[in-house]
Amino acid sequence: MFLNQFLLLSVALFAIGVYGVLARRNGVMVLMSIELILNAVNINLVSFAAFTENLAGEVFALFVIAVAAAEVGVGLAMIMLLYRNRRNIDLTELDLMKG
Amino acid sequence: MTAQLLALAFERPAIDWHAVAPELVLLTAGCLITLADVIFLEKARSFTAALAGLGVLATAIPLITLATSGADRVLFGGAYVVDDFALITKAIFLMAGYVVILLSTNYVAEGDYWENEYYGLLLASLMGMIMMASSRDLISIFVALELLSIPAYLMVAWRKGDARSNEAGLKYYLMGVFASAVMLYGMSLLFGLAGSTQLTDIAAAVASGATSTSATTLAIVFIIAGFAFKVSAAPFHTWAPDVYEGAPTPVTAFLSVASKAAGFVAILQLLYVGFYGRADVYEPLIWILAAASMTLGNLVALRQTNIVRLMAYSGVAQTGFIIAPLAVAGHAGLGDQALSTVVTYLAIYAAMNLGAFAVIITLSRKTGSAELSSFGGAFSYAPGLTVAMSFFLFSLAGIPPLGGWFAKFEVFRVLTSAGDFWGYSLAVIAAVNSVIALYYYAGIARRMWADDAPEGDLAPVPTTPSLVIALAICAGVTLAFGVVPQIVARFTDVSLLALGG
């Protein structure tokens with residue numbers, strides 16, 4: 001079993017996800033980047049669980065998947081709301097409040 | 001592994017029903033509200049708020065029976081613990097939740113917003129908070145965090161047609177989800193290092209020194225950063241002013257008190273039960289967070305013209321004060337003192353900050369604005385509210401004999417009894433910041449007492465019974481902590497070290 005390969009994959013996914021969150025302007029793309037980070041977490045959890053033969057990691061990963069689904073549901077609803085009111089989902093234009 | 005899973009699936013763990021009774025009562029109340037909406041439709045609007053309030057009060061009953069029965073209760077192999085710490089923090093959440101329901105009662109009804117869903121979500125979020133107070137396992141901490149956050153994202157965007165509310169909701173959502181994703185990454189590393197999700201096992205693994213220092217540091221930093229977002233500690237506070245301004249004001253009060261307290265409760269449990277042996281990692285981290293929050297929050301608050309934004313930055317500064325004792329929590333003999341100081345501060349902060357928001361909400365019923373200038377001359381038409389506001393503001397600033405004074409005094413006591421450079425330097429920063437804070441808190445009071453009312457409008461403020469009750473609760477708690485601290489502080493004298501450290 002080579003744990004390192006899984007961890008490197010997960011680090012790569014995490015880094016791409018963080019870059020996406022910081023650099024993307026489109027709301028849906030930011031959501032997808034956050035999903036990448038969550039998947040990096042799942043890969044970590046499942047590979048650690050397989051490596052140490054500890055079920056808790058897989059259970060944790062299941063919880064992460066279920067909660068992420070709920071989160072994305074709320075997020076998409078919110079982006080829909082924004083689109084209805086403004087006709088675009090460009091995050092850089094969210095600048096009504098400053099100071 | 002499959003056989004193991006199947007064996008688990010058919011075996012129900014023993015559940016101590018008394019220990020989870022508060023959660024069950026609150027869950028029942030939430031279900032009743034949803035049912036009432038389905039059965040009575042529009043007619044349910046008139047009693048939803050009362051039902052939600054009663055639900056929260058009913059939840060306090062099992063809390064009291066648990067407190068009188070004494071013994072700590074440990075469920076699910078240590079993943080869920082009901083001890084004194086859990087009980088007192090649950091009581092703080094319930095008090096904050098009840099006051100927020102009182103503040104929302106007329107605001108939501110008059111704004112013609114969806115009511116049943118609002119209170120249903122509020123109770124769901126409260127449920128996440130009281131779960132958080134008992135969670136001693138990474139999985140239950142994560143689930144509790146999401147249960148309290150997801151309804152809050154929706155409540156911030158509650159004014160659907162309002163562009164500011166939309167913007168605030170989306171900002172809060174994106175930053176919140178990002179913070180919890182980073183926190184989860186830290187948790188996954190911690191699971192890999194310790195081979196368990198239970199905080200007690202993690203404590204044993206990280207304290208033994210067998211785990212790699214760099215990986216442990218990374219995990220702890222990620223996790224604390226995730227919760228630093230929740231408590232709006234600088235430099236993770238950037239969402240707070242925008243979200244506070246855009247959200248409906250009762251929701252802002254909820255976020256700035258209950259949601260923030262939940263973040264602190266999670267940090268306390270993680271530090272004391274999980275990471276306590278690694279003071280070399282978390283003490284400098286907390287020191288930086290505390291110093292940055294106090295200084296940045298206060299300096300930016302000085303130039304705010306909108307009272308809600310001002311309260312947001314003042315909240316960032318208060319976060320710095322609340323978290324400061326944890327910067328010396330790893331010193332020998334100071335652990336328990338730092339913990340009870342933080343819990344005491346949380347209780348007092350909840351009362352005085354909610355009180356300030358109650359006055360802001362009441363006055364805005366007349367002025368319809370949150371600009372500081374619209375609060376000018378409030379004394380001439382609402383003397384009672386002006387006195388109450390000055391009372392809460394001076395408590396936030398830490399003037400005796402109000403509660404905030406006792407909270408700040410305790411923070412200084414813990415910091416100085418550390419007796420080293422880190423403790424003294426943070427105490428000096430805190431002292432300087434108390435003076436800066438007094439300047440802008442007193443500035444609001446001065447406008448209300450001395451300025452002229454805008455356009456000479458002296459019509460009285462329309463108050464409601466629920467707002468008056470909310471103000472009375474907050475004022476009572478604030479005053480009790482200031483006048484008889486030794487009696488009240490007995491309740492917040494708790495310990496978590498017996499379990500973990």
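Analyst: Let's start with a cut-off: a residue is called buried if 20 or more other C-beta atoms lie within 10 Å of its own, and exposed if 12 or fewer do. Keep in mind that this is a predicted model.

User: OK, what makes B:F412 count as buried or exposed?

Analyst: B:F412 has 20 C-beta neighbours inside 10 Å. The cut-off for buried is 20 or more, so B:F412 counts as buried. You'll find B:F412 in helix α17 of chain B. Leaving out residues up to four places away in sequence, B:F412 touches B:A427 and B:A430. B:G186, on the other hand, is 226 residues apart from B:F412 in sequence and 32 Å apart in space, C-alpha to C-alpha.

User: And B:L24, buried or exposed?

Analyst: B:L24 has 12 other C-beta atoms within 10 Å. Exposed means 12 or fewer, so B:L24 is exposed. B:L24 lies in helix α2 (residues 21-40) of chain B.

User: How do you know whether B:T478 is buried or exposed?

Analyst: Count again: there are 28 other C-beta atoms within 10 Å of B:T478. Buried needs 20 or more, so B:T478 is buried. B:T478 belongs to helix α19 (residues 465-483) of chain B. Not counting residues up to four places away in sequence, the residues B:T478 touches include B:I348, B:M352, B:F392 and B:L402. For B:T478 and B:R303, 175 residues apart along the chain, the C-alpha atoms are separated by 27 Å.

User: What arrangement do α17(B) and α18(B) have, and why is it called that?

Analyst: Helix α17 (residues 403-417) and helix α18 (residues 421-450) of chain B pack at an angle of about 155 degrees. Angles over 145 count as roughly antiparallel, so that is what α17(B) and α18(B) are called. Their axes are 8 Å apart. On the α17(B) side the contact is made by B:K408, B:V411, B:F412, B:L415 and B:T416, while α18(B) brings residues including B:G423, B:Y424 and B:A427. By type, the contact residues divide into seven nonpolar, three polar and one charged.

User: What makes A:R87 and B:S232 stand out in their backbone?

Analyst: Both have a positive phi without being glycine: about 65 degrees for A:R87 and about 50 degrees for B:S232. Most residues other than glycine have a negative phi, and most peptide bonds are trans.

User: Which of the two is buried and which is exposed?

Analyst: A:R87 has 7 other C-beta atoms within 10 Å, so A:R87 is exposed. B:S232 has 27, so B:S232 is buried. A:R87 is found in the segment after α3 (55-86) of chain A, and B:S232 lies in the loop between α9 and α10 of chain B.

User: What makes the bond from B:A234 to B:P235 cis?

Analyst: Its omega is near 0 degrees. B:P235 lies in the loop between α9 (213-230) and α10 of chain B.

User: Which residues touch the most other members of the largest nonpolar core?

Analyst: That core has 228 residues, and B:A96, B:L103, B:M132, B:V156, B:A261, B:L346 and B:A350 touch the most other members. Helix α14 (residues 335-367) of chain B gives the most to this core, with 20 residues. Setting aside neighbours within four places in sequence, B:A350 is in contact with B:I92, B:M95, B:A96, B:V257 and B:A261.

User: How many residues does each chain put into the contact between them?

Analyst: Chain B gives 38 residues and chain A gives 34. On the chain B side, the largest share comes from α7(B), with 18 residues. That side divides into 20 nonpolar, 10 polar and eight charged residues.

User: Where is confidence lowest and highest in chain B?

Analyst: It's lowest in helix α1 (residues 2-9), at a mean of 68, and highest in α6(B), at 94. Across chain B the pLDDT averages 87, and 97% of the residues score at least 70. The model as a whole scores ipTM 0.95 and pTM 0.91. Where pLDDT is low, the predicted coordinates should not be read in detail.

Key:
Residues numbered from 1 in each chain as written. Chains lettered and ligands numbered in written order. Predicted model: local features only at pLDDT ≥ 70, side-chain atom pairs only at ≥ 80, totals over all residues. Contact = placed C-beta atoms within 7 Å. Helix = DSSP H or I, 4+ residues; strand = E, 2+ residues; numbered from the N terminus. Nonpolar A, V, L, I, M, F, W, Y, C, P; charged D, E, K, R; others polar. Core = buried A, V, L, I, M, F, W, Y, C linked by C-beta atoms within 7 Å. Axes fitted to C-alpha atoms, helices over the stretch in contact; angles between N-to-C directions. Parallel < 35°, antiparallel > 145°, perpendicular 65-115°, else oblique. pLDDT = per-residue confidence, 0-100.
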